[in-house]
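Here is a short report for a reader meeting this structure for the first time. Please look through the model, then read on.

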Amino acid sequence: MQCNVRGGISDTKPATAEIQAIADKVKSQLEEKVNKKYPTFKATEYKSQLVAGTNYFIKVQVEDDDFVHIRVYESLPQKNEALALHNYQTNKTKQDELTYF
């Protein structure tokens, strides 16, 4: 999944199975950083940004009315690097817009 404009952030899109898989792969990184376990971790929507790889900005539902925003970096395929949680924002709501962070 990539956006069309290098450096630009895509429009918000509903999360797909691929986006959920990306979120799942960095869930433990986030839990370690915030020192909290998330029994619920459901990607609901995302934006992407094409850089030297791809940044994914993903809204994740962690409780009924509690969301986190995560920024995940996926390197170019030839680099063969693991997905990395680059940043996160906690205490978000369903209505909070995904923005660059």
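## Around Asn-87

Asn-87 touches His-69, Ile-70, Arg-71 and Phe-101, leaving out residues up to four places away in sequence. Contact here means heavy atoms within 4.5 Å. Asn-87 sits in strand β5. Asn-87 is partly exposed, with a relative accessible area of 28%. The scale is this: buried means under 20% relative accessible area, exposed means over 50%, and partly exposed lies in between, with a 1.4 Å probe and protein chains only. Lys-33 is 54 residues from Asn-87 in sequence, yet their C-alpha atoms are 9.9 Å apart in space.

## Basis and confidence

This is a predicted model, in which local features need pLDDT of at least 70 and side-chain atom pairs count only at pLDDT 80 or more, while totals for chains, interfaces and linings use all residues. Residues are numbered from 1 along each chain as its sequence is written, and side-chain values use heavy atoms, with hydrogens and water left out.

The pLDDT value is the predictor's confidence in each residue, from 0 to 100. The chain averages a pLDDT of 90, and 93% of the residues score at least 70. Residues 1-5 stay under 50, and the model has 14 contacts for them beyond four places in sequence. Where pLDDT is low, the predicted coordinates should not be read in detail.

## The sheet

Helices (H or I, at least four residues) and strands (E, at least two) are DSSP runs, numbered from the N terminus. Two strands pair if DSSP finds at least two bridges between them.

The sheet is open and has 5 strands, in the order β1-β2-β3-β4-β5, with antiparallel pairing. Its edge strands are β1 (13-14) and β5 (84-92), and each pairs on one side only. The table lists the strand pairs.

| Strand pair | Bridges | Direction |
|---|---|---|
| β1 and β2 | 2 bridges | antiparallel |
| β2 and β3 | 9 bridges | antiparallel |
| β3 and β4 | 9 bridges | antiparallel |
| β4 and β5 | 6 bridges | antiparallel |

Pro-14 stands opposite Glu-45 in β2. Ser-48 stands opposite Tyr-56 in β3. The bridge partner of Leu-50 is Thr-54, also in β3. Ile-58 has Ile-70 in β4 as its bridge partner. For His-69, the bridge partner is Gln-89 in β5.

Two of the links are hairpins. One joins β2 to β3 through 1 residue. In the other, β3 and β4 have 2 residues between them.

## The helix and the core

Helix α1 (residues 17-34) lies across β2, β3, β4 (66-74) and β5, and runs at about 80 degrees to β5. Axes are lines fitted to C-alpha atoms, for helices over the stretch in contact, and angles run from 0 to 180 degrees between N-to-C directions.

A nonpolar core is a set of buried Ala, Val, Leu, Ile, Met, Phe, Trp, Tyr and Cys residues joined through side-chain atoms within 4.5 Å. The largest one has 18 residues, and Phe-41, Ile-58, Val-60, Ile-70 and Val-72 have the most contacts inside it. At least two residues of this core come from each of α1, β2, β3 and β4. Its largest share, 5 residues, is from α1. In soluble globular proteins, nonpolar side chains tend to be buried together.

Val-72 touches Ile-22, Val-26, Thr-54, Asn-55, Tyr-56, Ile-58, Leu-83 and Ala-84, its neighbours within four places in sequence set aside. Strand β4 is mostly covered, with 8 of its 9 residues buried.

## Aromatic pairs

Rings of Phe, Tyr and Trp (its six-membered ring) pair if their centres lie within 6.5 Å; planes under 30 degrees apart count as stacked, over 60 as edge-to-face and the rest as tilted. How many aromatic pairs does this rule give? The count is 3 aromatic pairs. Tyr-38 and Phe-41 have ring centres 6.0 Å apart and planes at 35 degrees, so this pair is tilted. Tyr-38 and Phe-41 are buried.

Phe-57 and Phe-101 form an edge-to-face pair, 5.7 Å centre to centre with 75 degrees between the planes. This pair links distant parts of the chain: Phe-57 is in strand β3, and Phe-101 is in the segment after β5, 44 residues apart. Both Phe-57 and Phe-101 are buried. Ring pairs link Phe-57, Tyr-100 and Phe-101 into a cluster.
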